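Have a look at it, and then we'll go through some of its rings and strands.

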Amino acid sequence: MSTQVQDRIHDRRELTAVLLRALEQRHEVLDAIVDSEDHAEALTTVAGLLETTEAYAEAVLNLTFRRLTKVERRRIQTELKDLDATLEWTATDRPASTGRNFRLRPFTETDEDAALFRRRCVEQVDDAGTQWSEERVEKERAEGLSRVDDESAAWFVCEDTAENTAVGMVFGELSGREVDVAIWISPDARKKGYGTAAVKHSRQELAAEFPGTVLVVRAPA
């Protein structure tokens, strides 16, 4: 299964799970909505109550009363089981994939970000299979920062906001009307869902940086 297909199914699975939780906790959800001052407060409160993102909470607020019947709840339960059977893994297996405690921030010239880039480059080899030298690493970093300044590239640091730690990087490189997107996740942070979260967040960030382009996730960085 491709990453893009996995992501789409995963998103649908998470939305379905949130809707099911909302129906099971319908009394608490309704109380939270009724007690809210406005839509924004209701959105934040419901997201916290259901431990989900505001995007999924919006779907809960848009539920109609006909979705509260037993038949509808059984239908959603069946859909959730079918999606779980399709997925290679779920958010329970890789909790970071929801992107709730995840953010992208611009890569900078700080020593901290330079050290993170060097960690990433440990896994890079040249055409002869030789690991990049320190000079090559610094050259690649300097050239990348130059392209960012020229607005032909956008580099980001992936951060877990709950742990306050950097867990990877996203590289967006403009090529004609396409943006080649490469994602690197630190070895000690892999198989936790950070890659999926990075893909989700990079779509929005890179679409803002390079409007009207097509984002192409080609390979890990």
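**Rings and strands**

Let's start with a charge and a ring: the charged end of arginine 120 sits over the ring of phenylalanine 171, 4.6 Å from the ring's centre. Keep in mind that what you're looking at is a predicted model.

Together with Phe107, Phe117 and Trp155, Phe171 makes up one aromatic cluster.

How many aromatic pairs are there? The count comes to six. One of the aromatic pairs joins phenylalanine 102 and tyrosine 194; the two rings are tilted, with 6.4 Å from centre to centre and 35° between their planes. Because phenylalanine 102 belongs to strand β1 (residues 102–106) and tyrosine 194 to helix α8 (residues 194–209), this pair ties together parts that are 92 residues apart in sequence. So are these two buried or exposed? Phenylalanine 102 counts as buried, since its relative accessibility is 6%, and tyrosine 194 is buried as well, at 10%.

Now for the strands. Strand β2 (residues 153–160) and strand β3 (residues 165–175) run antiparallel, joined by eight bridges. Along this pairing, you'll find alanine 154 opposite glycine 172 in β3. The two strands form a hairpin with four residues between them, and asparagine 164 in that turn has a positive phi of about 55°.

On the way to the next strand, β3 pairs with β4 (residues 178–185), again in the antiparallel sense and over eight bridges. Here valine 170 stands opposite isoleucine 183 in β4. This hairpin has two residues between its strands, and glycine 176 in the turn shows a positive phi of about 65°.

Conventions:
Residues are numbered from 1 along each chain as its sequence is written. This is a predicted model: local features need pLDDT of at least 70, side-chain atom pairs count only at pLDDT 80 or more; totals for chains, interfaces and linings use all residues. Side-chain values use heavy atoms; hydrogens and water are left out. Rings of Phe, Tyr and Trp (its six-membered ring) pair if their centres lie within 6.5 Å; planes under 30 degrees apart count as stacked, over 60 as edge-to-face and the rest as tilted. Buried means under 20% relative accessible area, exposed over 50%, partly exposed in between (1.4 Å probe, protein chains only). A charge sits over a ring if NZ of Lys or CZ of Arg is within 6 Å of the ring centre and within 35 degrees of the ring normal. Two strands pair if DSSP finds at least two bridges between them.
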